[in-house]
Amino acid sequence: MTHAATDIPPATPTKNQFALLAERRFAPFFWTQFLGAANDNIFKFAFTVLATYHAAEWGGLDPKVAGALIGGLFILPFVLFSATAGQLADKYDKATLTKLVKNMEIAFMLLISAGFVLHLSSLLFLGVFLMGCHSTLFGPVKFAYLPQHLADSELTGGNGMIEMGTFTAILLGSMIGGFLVKLDGNGVVYVAGISLLLAVAGRITAGMVPASPPPAPELKINWNPASETWANLKIAHRNPAVFNSLIGNSWFWFMGSIFLTSMTGFAKEVLGGDEMVVLLLMGLFTVGIGFGCVLCEKMSGHKIEIGLVPFGSIGMTLFSVDLYFASSGLSPSGALVSVGAFVQKWAHIRVMADLFLMAMFAGFFSVPLYAMMQARSEPNYRARIVAANNILNAVFMVIASVLAAVLLKAGLSLPELYLVVGVMNAVVAIYIFKLIPEFLMRFLVWILIHTFYRVDQRGLENIPDDGPCVLVCNHVSFVDALVIAGCIRRPVRFVMDYRIFKVPVLNFVFRTAGTIPIAPAKEDPAMLERAYERIDQYLQDGEVVCIFPEGRITDNGEIYPFKKGVMRIIEKNPVPVIPMALRGLWGSFFSRWGGVAMRYPRGIFSRIALIADRPWAPDVVSPERLQNKVLELRGDWK
């Protein structure tokens, strides 16, 4: 990880994301976020239940649109004030801002408590807006804080923990809020009391958040939200991958807001369930997202794996469309049913499974996007880029609220709304993957190493987190480059025979990954020279280049003599050289075992290995020494 001057050099990176909960650089911030999210949702869900099931007394709204209106009012401040919040998070210490936000929360909860106790819905609507302001200010702090205190290898796990904690807090807050308002007599008083206690607890944990020096203390605040919002979006647009990650994140919240804000109406109007059924469905949805977020670290191999994004998008579409088919034929009648009666029907079990699985795939979709946005953003502008993300999130959520309300008023049922959103998700996914082919390329790589093979990875920590280097590896199969790319945290630029580069399907992956096709001098000297020019440029830009010095895929399982191309590379670019060896691919479907590759489905689901040695100084490198080391690393397991 490359740290700006104001970043905190992280402690030894943890190997397990849950271990972060024992470290001061993460735990106080995690619990501050957790308590704030729980408090937001105790209040919002309690108010939504009252406005839906007791509309005449608490707002007089149509029960089907009450949730959408409250949700839209909550996220309106993100549109208005995120630009300012991003500047503040870049200009001031994030620990100081965290304490300020928690002081605001206590004041706002006093006002909200008065609204509950005095039965003043106007105060509660104002409280929704003010808590939206509180969350707007904290948003850039939250996501800019993590890359300042965590290593790149911890970002996926750290984001997964924050997202899991957030959605667990949403679940617990909704359950507590829904349970308390059902209590006869003093339910709303209990909601007010719990909200105040959580606000105070959040202020206590905020006091333990470590100092986080600002990256741009000299920044002059632009108080014009329109011009600053536009400036933030232009900053984010400098890096297409970052900007499109913002678009992807915003789409995640577009879908999530439609499902979450309509859940109360869906449970009552479509499924015929009471308030506890609402909590059950919201619980499944939020636990599903949290489960997906936590799984991301394991599925990504402790790196930022954007190949999970298409995987998540496919699942989101499949299960949201199936939710339409599972619920469109239901016609509740009579009294609202309890949870016990609800879960006895197979049709309801299918609905619950769709909600859980759709949410789980949404977790796979969102966490890598957040991690990539943080890792690839310029440190001095990181909080403002997060603010740009929050602005887009808010705009998408406002549009979602308006669209949902318009479509429902036009006569669409909630299941039909879910079908429309599922189809829209497929269209948006295709658009994003067309703009940034890297997402789809990484998905194909991820599928390969998690479906066809089980990869034992050793010594890959020897590959530096930044700076140029050359990887040298034996060449066993047509998918060697994909296996290596799927295991290494950094982008790798491969040099490979132009005939392998042209293989259908694989060609898309190679082109997207910036692979360099090469040909022998006697066959195409111009291509050879272009290849060396591109290698030089990649290394001068501080990137990782991988070569296969044999110049061919083995046809007998043995390592062929290494050619001298590596010497030409390091003579002009004296960078570290790291020998590596692939094990177990000989005899697999993609190797030339038996003479021709991809003829016999042998060893497709086998275990293979990628082993890396320590970096070598360029002055000790020779083709013979490298070949001997790669042979030693490979051993007898071909």
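A salt bridge is defined here as a side-chain nitrogen of Lys or Arg within 4 Å of a carboxyl oxygen of Asp or Glu. By this rule the structure holds ten salt bridges. The model is predicted, so local features need pLDDT of at least 70 and side-chain atom pairs count only at pLDDT 80 or more, while totals for chains, interfaces and linings use all residues. Residues are numbered from 1 along each chain as its sequence is written, and side-chain values use heavy atoms, with hydrogens and water left out.

**Stop 1: salt bridges**

Select arginine 493 and glutamate 543. They form a salt bridge whose closest N and O atoms are 2.7 Å apart. Arginine 493 lies in strand β3 (residues 492-497) and glutamate 543 in the loop between α19 (525-540) and β5 (544-547), so this pair ties together parts that are 50 residues apart in sequence. Helices (H or I, at least four residues) and strands (E, at least two) are DSSP runs, numbered from the N terminus. Arginine 493 counts as buried at 18% relative accessibility, and glutamate 543 is likewise buried, at 18%. Here buried means under 20% relative accessible area, exposed over 50%, and partly exposed in between (1.4 Å probe, protein chains only).

Next, select aspartate 536 and lysine 572, a salt bridge with its closest N and O atoms 3.1 Å apart. Aspartate 536 belongs to helix α19 and lysine 572 to helix α20 (residues 565-572), so the link joins parts 36 residues apart in sequence.

Then move to glutamate 632 and lysine 629, whose salt bridge has its closest N and O atoms 3.3 Å apart. These two residues are three apart in helix α21 (residues 623-634), which means that about one helical turn separates them. Glutamate 632 is exposed at 56% relative accessibility, but lysine 629 is buried at 17%.

**Stop 2**

Two packed helices are described by the angle between their axes and the distance between the axes. Axes are lines fitted to C-alpha atoms, for helices over the stretch in contact, and angles run from 0 to 180 degrees between N-to-C directions.

Select helix α1 (residues 27-53) and helix α3 (residues 94-117). Their axes come within 12 Å and cross at roughly 20 degrees. The two helices are therefore roughly parallel to each other; angles under 35 degrees count as roughly parallel, over 145 as roughly antiparallel, 65 to 115 as roughly perpendicular and the rest as oblique. α1 passes α3 in a left-handed crossing. A crossing is left-handed if the near helix is turned anticlockwise from the far one by less than a right angle, and right-handed if clockwise.

Now select α5 together with helix α12 (residues 346-376). Which angle do their axes make? They cross at roughly 130 degrees and come within 9 Å, and α5 and α12 are therefore oblique to each other. This crossing is right-handed.

**Stop 3: a nonpolar surface patch**

Finally, select Leu172, Met175, Ile176, Ile194 and Leu197, which make a nonpolar surface patch of about 410 Å². Patches are made of residues with over 30% relative accessible area and no salt bridge: like charges are joined within 9 Å, nonpolar side chains (Val, Leu, Ile, Met, Phe, Trp, Tyr) within 5 Å. Accessible areas come from the Shrake-Rupley method with a 1.4 Å probe; for residues, only the protein chains shown count as cover. α5 (152-182) and α6 (187-206) each supply at least two residues of the patch, and α5 gives the most, with three. Isoleucine 194 sits in helix α6 and is partly exposed, with a relative accessible area of 31%.
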